[in-house]
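Please keep the sequence and the coordinates open while reading.

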Amino acid sequence: MARPIKWRRVCCLPEKNTFGPLDSPPNAERCVTMTIDEYETIRLIDFDGFTQEECAKQMNVARTTIQGIYSEARKKLAEFLVEGKVLSIEGGEYQLCEGLGKGCVRGCRRRNRDRCFAEDE
């Protein structure tokens, strides 16, 4: 029997989900797709300064899971930057937090409202 998916809790969706060279039309060969949970891991660790352990607690997964997600996300960022590809952020195994701080550790963007979602505006 397959193990049930443990959804990763995220507090923030990107305001924009496509990035890349201005002169390059997006196509499948020139596109790197990062999942929402990979984006959230990069945001928490590299932007907000969380440790991997804090990030794991925030996202409601094991630290070893965060290590794997973080490693894949960094590879995708490197490919995007070095090869000049288009980066698209979409999909993945995630669930938005309630925004009430329930289960969240420091830095919940939904609770703090310092970077709102389009749906919250």
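## Helix H1

In H1, the buried residues are Ile36, Asp37, Glu38, Tyr39, Glu40, Thr41, Ile42, Arg43, Leu44 and Ile45. Buried means under 20% relative accessible area, exposed means over 50%, and partly exposed lies in between, with a 1.4 Å probe and protein chains only. H1 spans residues 36-47 and is mostly covered, with 10 of its 12 residues buried. Just after H1, Gly49 has a positive phi of about 80°.

The model is predicted: local features need pLDDT of at least 70, side-chain atom pairs count only at pLDDT 80 or more, and totals for chains, interfaces and linings use all residues. Numbering starts from 1 along each chain as its sequence is written, and side-chain values use heavy atoms, leaving out hydrogens and water.

## The chain as a whole

The protein chain holds 4 helices and 5 strands. Helices (H or I, at least four residues) and strands (E, at least two) are DSSP runs, numbered from the N terminus. Along the sequence, the pattern is β-β-β-α-α-α-β-β-α.

Of the 121 residues of the chain, 38% count as buried. The accessible surface is about 7400 Å², and 51% of this surface belongs to carbon and sulfur atoms. These areas come from the Shrake-Rupley method with a 1.4 Å probe; for residues, only the protein chains shown count as cover. Among contacts with a separation of 6 or more, 76% join residues 24 or more positions apart. Contact means heavy atoms within 4.5 Å.

## H1 against H2

Two packed helices are described by the angle between their axes and the distance between the axes. Axes are lines fitted to C-alpha atoms, for helices over the stretch in contact, and angles run from 0 to 180 degrees between N-to-C directions. H2 covers residues 52-59. H1 and H2 pack at about 135°, with their axes 10 Å apart. The pair is therefore oblique. Angles under 35 degrees count as roughly parallel, over 145 as roughly antiparallel, 65 to 115 as roughly perpendicular, and the rest as oblique.

H1 passes H2 in a right-handed crossing. A crossing is right-handed if the near helix is turned clockwise from the far one by less than a right angle, and left-handed if anticlockwise. H1 contributes Asp37, Glu40, Thr41, Leu44 and Ile45 to the contact, and H2 contributes Gln52, Cys55, Gln58 and Met59. By class, this contact has 4 nonpolar, 3 polar and 2 charged residues. Ala, Val, Leu, Ile, Met, Phe, Trp, Tyr, Cys and Pro count as nonpolar, Asp, Glu, Lys and Arg as charged, and the others, Gly among them, as polar.

## H1 against H3

H3 runs over residues 63-82. The axes of H1 and H3 come within 9 Å and cross at roughly 95°. H1 and H3 are therefore roughly perpendicular. From H1, the contact uses Asp37, Glu38, Thr41, Ile42, Ile45 and Asp46; from H3, Ile66, Ile69, Tyr70, Glu72, Ala73, Arg74, Lys76 and Leu77. These residues divide into 7 nonpolar, 1 polar and 6 charged.

Thr41 lies in H1 and is buried, with a relative accessible area of 0%. Not counting residues up to four places away in sequence, Thr41 touches Asp46, Cys55, Met59, Ile66, Ile69 and Tyr70. Ile42, also a residue of H1, is buried at 13% relative accessibility. Leaving aside neighbours within four places in sequence, Ile42 contacts Phe47, Tyr70, Ala73, Arg74 and Leu77. Ile42 and Tyr70 are 28 residues apart in sequence, and their C-alpha atoms are 6.6 Å apart.

## H2 against H3

H2 and H3 pack at about 100°, with their axes 8 Å apart. They are therefore roughly perpendicular to each other. H2 brings Gln52, Glu53, Cys55, Ala56 and Met59 to the contact, and H3 brings Arg63, Ile66, Gln67 and Tyr70. The classes are 5 nonpolar, 2 polar and 2 charged residues.

Asn60 sits in the loop between H2 and H3. Most residues other than glycine have a negative phi. Asn60 has a positive phi, near 65°. Asn60 is partly exposed, with a relative accessible area of 35%.

## Strand E5

Tyr94 is found in strand E5, residues 94-96. At 28% relative accessibility, Tyr94 counts as partly exposed. Tyr94 and Thr35 are 59 residues apart in sequence, yet 9.1 Å apart in space, C-alpha to C-alpha.
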